[in-house]
Amino acid sequence: MSSNDTYHVLLCCESRQDVDYFTSLLRARGPGVSIRTRGVGSLAELRECIDDGIWELVLTTEGQRDLAARNVIAAARDAAVPVIYCGVSVTNEEVDELLLAGARDVLRRGQGPRLFHAVSREISAFRSRRALETLRPRYDEALRRCELLLEAADEAIAYATDGVHLHCNRAYARIFGFDAVGDLEGVPQLDLIAPDHQEEFKEALRRYRDRTDETVTIAITAMRTDGRRFPARFELARTNYEGEPCMQVVVHGGALSGRPDVPVLTEEATVEQIVPRAHGVAAIIAPDRREVVRVEQAWKEYSLGAQMVIALRDVSVSIADGEFMALAGPSGSGKSTLLNLIGCIDTPTRGSVMITGTEVSNRTPDELADLRARTIGFIFQTFNLLPVLSAWENVEYPLLQNKELKKAERRERVGHYLELVGLGKHSKHRPNELSGGQRQRVAIARALAARPAIVLADEPTANLDHKTGEGILELMKSINQEEGTTFIFSTHDAKVMAMADRVVVLSDGEVVGERHKI
Ligand SMILES: Nc1ncnc2c1ncn2[C@@H]1O[C@H](COP(=O)(O)OP(=O)(O)OP(=O)(O)O)[C@@H](O)[C@H]1O
Ligand SMILES: [Mg+2]
């Protein structure tokens, strides 16, 4: 019998006999369910049991002293564990009062079937709530990941409903001459069509409405905000955006879209041997290595109401091509914040960040997205694979955005990196058919397949058991040695730190130490 078939019930009763009474009452009523109970003798014991996280429901009688029903109900409610009151006799007023205090149900003693029904209902609701709580962060990260992929896409993509734009990616904003993605929200689709072609576009919208299972394509003259016109092909298809049905618009434009200059990775940057820093610790770079990251006197401040949180204070660090480097430090020391600055997900409040020789502080969000897409690969703590795609498709997905990449080369790359992470035989498996370590390996292959100069990994082993985590680190290390990719990862774990060639230690937003492998 799995633990899901076992109900874990805490009993707050006056006597041992009561504990036995309720236990046998529940057991008699629950075929196919095993009932595990524990009698609790004090409020402190109740709190301790609740903290264990095993117990799913509290059943209380009238109680006395500190175990009086009100105290029990308050303690269970505070911990979001359901509580059912079962008393010898209760008046209507008392029922109201107990429910208001937080009891999920109030019953009279002797109502065996009702009691079992209430227990079973509350436990299943409790399990659903708990499952939702664990799914929520994963869902949020998957959304963030999708957003990053959309942002990195070369294709101009927008979502619209009732003829108005809901959201678009930066390629779409740019092709129509908008500075920022947000500027397009709420803009009518017709505003992007040359006036003398708007009737044709309306006709395409009507076709879209009538043909429910087809993509509607129209070649038409589009118009930028500056009034310039260009030939474009619009593809209209049905999709969902943030859970609501809507229209997906993909635009293939003329030559006007032009990319801003992006840094060329092969360019040699001048490398100083010692980077000066305000706080004493020198970052030494081998003179024959190109510098890929330079953070100089960076501060990151967040205002939380009237309070100012300083996440990074005067951090300077220089990282050379091909390093295998760890950012270490206690929780809240600023590791993720620093990784986000290096990953161009965020910009410093003061100071500067240079990636492959390009200053990022004064760049527009679009330019940052470009730099990110071309230079940086991310590995997330929760893997962030798309659940409906196989391992192969997950690695291939970001490459599909790169139209310059020929199909044969794309396939060759996906195959190469899946082999490299030891998953050649698992390419058809979906994430739920892979272990945690295998999923993280798919994520590594995905990050590498775009051939980024730098791979950033925020606590890549935090969701893995120790042995699997060590295997992942060894794999990253061997890729670092064989392919020369720079790895920068954060960790709490001393054993993981020990595998890095260089460790930069943060505490309270400052670099407090650094060691190099001797
Ligand atoms: N968006 C934000 N708003 C306000 N404060 C923030 C924000 N992001 C981070 N902080 C604060 O900045 C500090 C550094 O946070 P950060 O997430 O970088 O730490 P960390 O070293 O990655 O911690 P952990 O090991 O727990 O992941 C913390 O005090 C945190 O509360
Ligand atoms: Mg962190």
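The following legends describe close-up views of a predicted model. Residues are numbered from 1 along each chain as its sequence is written, and chains are lettered from A and ligands numbered from 1 in the order in which they are written. Because the model is predicted, local features need pLDDT of at least 70 and side-chain atom pairs count only at pLDDT 80 or more, whereas totals for chains, interfaces and linings use all residues.

**View 1. An open sheet of five strands with parallel pairing.** The strands, which like the helices are DSSP runs numbered from the N terminus (helices H or I, at least four residues; strands E, at least two), follow the order S2-S1-S3-S4-S5, and two strands count as paired if DSSP finds at least two bridges between them. Strand S2 (34–39) and strand S5 (105–108) stand at the edges with a single partner strand each, so one side of each is left without a neighbour in the sheet. From one strand to the next the twist averages 25 degrees, where axes are lines fitted to C-alpha atoms, for helices over the stretch in contact, and angles run from 0 to 180 degrees between N-to-C directions. Strand S4 (residues 83–87) pairs with S5 in the parallel sense over four bridges, and Tyr85 stands opposite Val106 in S5. Helix H1 (residues 16–29) lies across strand S1 (6–12), S2 and strand S3 (57–60), and runs at about 165 degrees to S2.

**View 2. Strands S15, S18, S19 and S20 and their parallel pairings.** Strand S18 (residues 376–379) pairs with strand S19 (residues 454–458) over four bridges, with Ile454 in S19 as the bridge partner of Ile376. S19 in turn pairs with S20 over five bridges, and there the bridge partner of Val455 is Phe487. Strand S15 (residues 324–328) also pairs with S20 over five bridges, and Phe324 stands opposite Phe487. In strand S20 (residues 486–491), six of six residues are buried (20 or more other C-beta atoms within 10 Å of the residue's own; exposed means 12 or fewer, and partly exposed lies in between, with C-beta atoms placed from the backbone). Thr486, Ile488 and Ser490 point one way from S20, while Phe487, Phe489 and Thr491 point the other way.

**View 3. The largest nonpolar core, of 66 residues.** A nonpolar core is a set of buried Ala, Val, Leu, Ile, Met, Phe, Trp, Tyr and Cys residues joined through C-beta atoms within 7 Å. The residues with the most contacts inside this core are Ile342, Val395, Leu418, Ala445, Leu456 and Ile488, and helix H12 (residues 436–449) gives the most to it, with seven residues. Apart from this core lies another, of 32 residues, among them Leu11, Leu25, Leu115 and Ala118.

**View 4. The shell around ligand 1.** Of the 13 residues that surround ligand 1, the closest are Tyr302, Ala311, Ser331, Ser336 and Thr337. Strand S13 (291–304), strand S14 (307–320) and helix H8 (335–342) each supply at least two residues of this shell, and H8 provides the largest share, three residues.

**View 5. Cys344 and Asp508, residues other than glycine with positive phi.** Cys344, in the loop between H8 and strand S16 (350–355), has phi near 60 degrees and is buried, with 23 other C-beta atoms within 10 Å. Asp508, in the loop between strand S21 (502–507) and strand S22 (510–516), has phi near 50 degrees and is partly exposed, with 14 other C-beta atoms within 10 Å.

Key
Two residues are in contact if their C-beta atoms, placed from the backbone, lie within 7 Å. A residue is near a molecule or strand if its C-beta atom, placed from the backbone, lies within 6 Å of it.
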